[in-house]
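Please keep the sequence and the coordinates at hand while reading.

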Amino acid sequence: QVQLVESGGRLVQAGGSLRVSCAASGSTFGTYAMGWFRQAPGKERAFVAAISWSGGNTDYVDSVKGRFTISRDTTKNTMSLQMNNLKPEDTAVYYCAARLMKYGLDVTYQRDSAYDYWGQGTQVTVSS
């Protein structure tokens, strides 16, 4: 099993930048594909970005392409989401998720049902 703890969420002005992080513990971090999801008030949880276990493959929802960057540091067991040019519509609780890759496929996942473990979330609020 792996435990996930997000951090870094806060209030930021539109056009600003923010980096949220996810710390993993309890298992071999390098064998997990990871993802970021977000849930805005009154909306369902939605895919934001994903990274493969090696870090070699990434994927983003269209609305954040060119603004957000997902990365991971296996030596530190952390994953991050660098968010630039933030917009009010980016306001949400951001969750990190992990999927154990048993067969070594170096792929990413957009479906939340594909992930085995979730953090508790961190609030990001973008003011206009």
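## Basis of the report

In E3, the residue that forms the bridge partner of glutamate 6 is cysteine 22, and this pairing is one point in the sheet described below. The model is predicted, so that local features need pLDDT of at least 70 and side-chain atom pairs count only at pLDDT 80 or more, while totals for chains, interfaces and linings use all residues. Residues are numbered from 1 along each chain as its sequence is written, and side-chain values use heavy atoms, with hydrogens and water left out.

## The chain as a whole

The secondary structure of the protein chain comes to zero helices and eleven strands, where helices (H or I, at least four residues) and strands (E, at least two) are DSSP runs numbered from the N terminus. The radius of gyration, taken over C-alpha atoms, is 14 Å, close to the 14 Å that the globule rule (2.2 Å times the number of residues to the power 0.38) gives for 128 residues, so the chain is as compact as a globular protein of that length. Along its principal axes the C-alpha trace spans about 45 × 30 × 25 Å.

Buried residues, meaning those under 20% relative accessible area with a 1.4 Å probe and protein chains only, make up 43% of the 128 residues. Of the contacts (heavy atoms within 4.5 Å) between residues at least 6 apart in sequence, 62% join residues at least 24 apart.

## The four-stranded sheet

An open sheet is formed by four strands in the order E1-E3-E8-E7, with antiparallel pairing; two strands pair if DSSP finds at least two bridges between them. E1 and E7 stand at the edges, each with a single partner strand, so one side of each is left without a neighbour in the sheet.

Strand E1 (residues 3–7) is joined to E3 by five bridges, and E3 is joined to E8 by six. Across the latter pairing, serine 21 stands opposite serine 80 in E8, and valine 20 has leucine 81 as its bridge partner there.

Asparagine 77 lies in the loop between strand E7 (68–73) and strand E8 (78–83). Asparagine 77 and cysteine 22 are 55 residues apart in sequence, yet their C-alpha atoms are 8.5 Å apart in space.

Technical notes
Buried < 20%, exposed > 50% of the residue type's maximum accessible area, 1.4 Å probe, protein only.
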